Amino acid sequence: GLALRVDAKEELDATVSGTADWSGTEEDLRASMTVSNKQRERLHMAMTADGGSQDEAMAGSLGLLVRTDADDKLDGHLSGAVDWSGMTDANQTDLRASMTVINRNREKLHMAMTADGNSRFRERDGSLGLL
C-alpha cells in the first residue's frame with residue numbers, strides 16, 4: 001500500500017495487488033491486478049490463457065477483462081485453432097484454421113478458412129475456402 005498526506009490531509013491511500021496462477025486447474029495461466037484508492041477499486045485487469053495441441057492440431061484462447069471505477073470496459077475472449085492433420089490423411093482438407101472474437105458474451109467476429117491442394121509431376125491444383 002501507499003499513503004500520502006499533505007498538511008495532515010490524506011491525499012492518497014492506495015493499494016496495488018495482483019495474482020498469477022499457472023497451476024492449470026482452470027486455464028493454463030490466469031493473472032490479475034487491482035489498483036484501489038481510499039478502499040475504492042479504480043482499475044482491475046484480469047487475463048487468462050489456455051491452449052493445447054494434439055498431433056498436427058493446435059487450439060488456444062485468451063481472455064481479458066478491464067474494469068475502471070467498478071465499471072466493465074472490456075470483457076473479451078479470443079480463441080483460435082489450426083489443424084493441418086489432413087496433409088497426411090487422404091481425402092481430408094490439408095489445412096483448417098479459425099478465429100473467434102467475443103466481447104461481453106457476444107460474438108463480434110468469426111473467421112474460418114480451409115486450404116487443400118495436390119501436386120503430381122508438373123500439375124498442381126488446389127482450393128481455398130473462407131467463412
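R42 is partly exposed, with a relative accessible area of 32%, where buried means under 20%, exposed over 50%, and partly exposed in between, using a 1.4 Å probe and protein chains only. This is a predicted model, in which local features need pLDDT of at least 70 and side-chain atom pairs count only at pLDDT 80 or more, while totals for chains, interfaces and linings use all residues. Residues are numbered from 1 along each chain as its sequence is written, and side-chain values use heavy atoms, with hydrogens and water left out.

R42 forms a salt bridge with D69, the closest N and O atoms being 3.1 Å apart, a salt bridge being a side-chain nitrogen of Lys or Arg within 4 Å of a carboxyl oxygen of Asp or Glu. That pair links distant parts of the chain, with R42 in strand 4 and D69 in the loop between strand 5 and strand 6, 27 residues apart; strands here are DSSP runs (E, at least two residues), numbered from the N terminus. D69 is itself partly exposed, at 43%.

By this rule there are 4 salt bridges, and another of them joins R67 to E41, with the closest N and O atoms 2.7 Å apart. R67 lies in strand 5 and E41 in strand 4, so the pair ties together parts that are 26 residues apart in sequence.

Now the backbone: most residues other than glycine have a negative phi. K38, however, has a positive phi, near 50°, and A70 has one near 65°. K38 sits in the loop between strand 3 and strand 4, whereas A70 is in the loop between strand 5 and strand 6.

Note on methods: Helix = DSSP H or I, 4+ residues; strand = E, 2+ residues; numbered from the N terminus.
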